[in-house]
Amino acid sequence: MGKTTGFFRTWMLPISMATGIAAYLLYRILPFLHPLGPFAAACISRIQPVLIFAMLFLSFCKISPSQLRFRKWHIWLLLIQVSSFLALAGIARVLPCGRFLPVIEAGMLCMICPTATAAAVVTDKLGGDVPGLISYTILINIANAVTVPLIVPLLHPDAGMSFIGASLAIMSKVFPTLICPALLAWLVRYCFPVIHGKILLMKDAAFDIWAVSLCLAILMTVRAIWHSGTGFGILAAIAAASLLSCIIQFAAGRRTGKRYSEEIAAAQALGQKNTVFAIWTGYSFMDPVSAVAGGFYSIWHNIYNSWQLYRKQQNDLLERVESGLGTR
């Protein structure tokens, strides 16, 4: 029993991803399940925000408001995201991209996309600076709400959006899932300390919730790719662009964080993305085909995080073995 539990703990993220993919493919293969599609999609759209809220609430319970403060590495990460977004927008504006415009916009989405709410869970598991990561998550969402409405009308002048309207739409999409869990967590911390203490004992609860959320997210990712109606060539190019963006951002985050002894938090802050938000931004403000990039990116960053968590577990096991040998 212990070995079975350990196996699932080690490979929980790949299992969640495989389950999400298998669930959607099973739905496509078995015709009698098709009538359940709209109901299932509606349920998932309501369940996912609840899971995200619960994950963030548990994460905020572990930190106090005084820990949420500015770090020097935040500046460099903001510069990397905003400058790369502007550079790609300049390429899309100046060069005749034609049918490859969704590929350029896919890169833009991947670079400017804010940090995932689940990044705090992974950072905590890896032993990184969770308060620093959450602080950056708030900063990049503010930068996103300013940058996207300013730049996108240059590429899609007929989008029919105002700067204020687009900014409010973005903020209304992300800030309730950031601010409300924090306020509730701090209310529990200061007003109900006994309950807060019991919550802190639930060490793996946020990770377990994320595993369920990841399964649903991957299911919806496969669904979005399946229904994209885009040719294989463009889909492959978008997949490659999202993979390249993922590699660049994890590497840049790790290299930047190394200067401040915050490799884990900086890498996760820059590399792990709120891909649901990327998909929504693509559909709402850009060529809808570009939204598929969020789905592909979700696969790439979760594969990398699965490997990181596996490596961390193996290193911890090796340290325990060496420590045990050293005491003999």
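Start by selecting S261: is S261 buried or exposed? S261 is exposed, with a relative accessible area of 66%; exposed means over 50%, buried under 20%, and partly exposed in between (1.4 Å probe, protein chains only). You'll find S261 in the loop between helix 11 (232–258) and helix 12 (263–271). Helices here are DSSP runs of H or I with at least four residues, numbered from the N terminus. Check the backbone too: phi of S261 is near 55 degrees, a positive value in a residue other than glycine.

A quick word on what you're looking at. This is a predicted model, where local features need pLDDT of at least 70, side-chain atom pairs count only at pLDDT 80 or more, and totals for chains, interfaces and linings use all residues. Residues are numbered from 1 along each chain as its sequence is written, and side-chain values use heavy atoms, leaving out hydrogens and water.

Next, go inside and select F60 and W210. In the largest nonpolar core, which has 50 residues, these two touch the most other members. A nonpolar core is a set of buried Ala, Val, Leu, Ile, Met, Phe, Trp, Tyr and Cys residues joined through side-chain atoms within 4.5 Å. Helix 10 (residues 205–226) gives the most to this core, with 10 residues. Another core, of 20 residues, lies apart from it; among its members are F85, A92, V152 and I170.

- Select D124 and K62, whose side chains meet at 2.8 Å, N to O. D124 lies in helix 6 (residues 119–126) and K62 in the loop between helix 3 (37–61) and helix 4 (72–94), so the pair ties together parts that are 62 residues apart in sequence.
- Select R71 and D129, which meet at 3.2 Å, N to O. R71 is in the loop between helix 3 and helix 4, and D129 in the loop between helix 6 and helix 7, so this pair ties together parts that are 58 residues apart in sequence. Both R71 and D129 are buried.
- Select R254 and E263, which meet at 3.8 Å, N to O. R254 is partly exposed at 22% relative accessible area, and E263 is partly exposed at 30%.

Definitions and conventions. Helix = DSSP H or I, 4+ residues; strand = E, 2+ residues; numbered from the N terminus. Salt bridge = Lys/Arg side-chain N within 4 Å of Asp/Glu carboxyl O.
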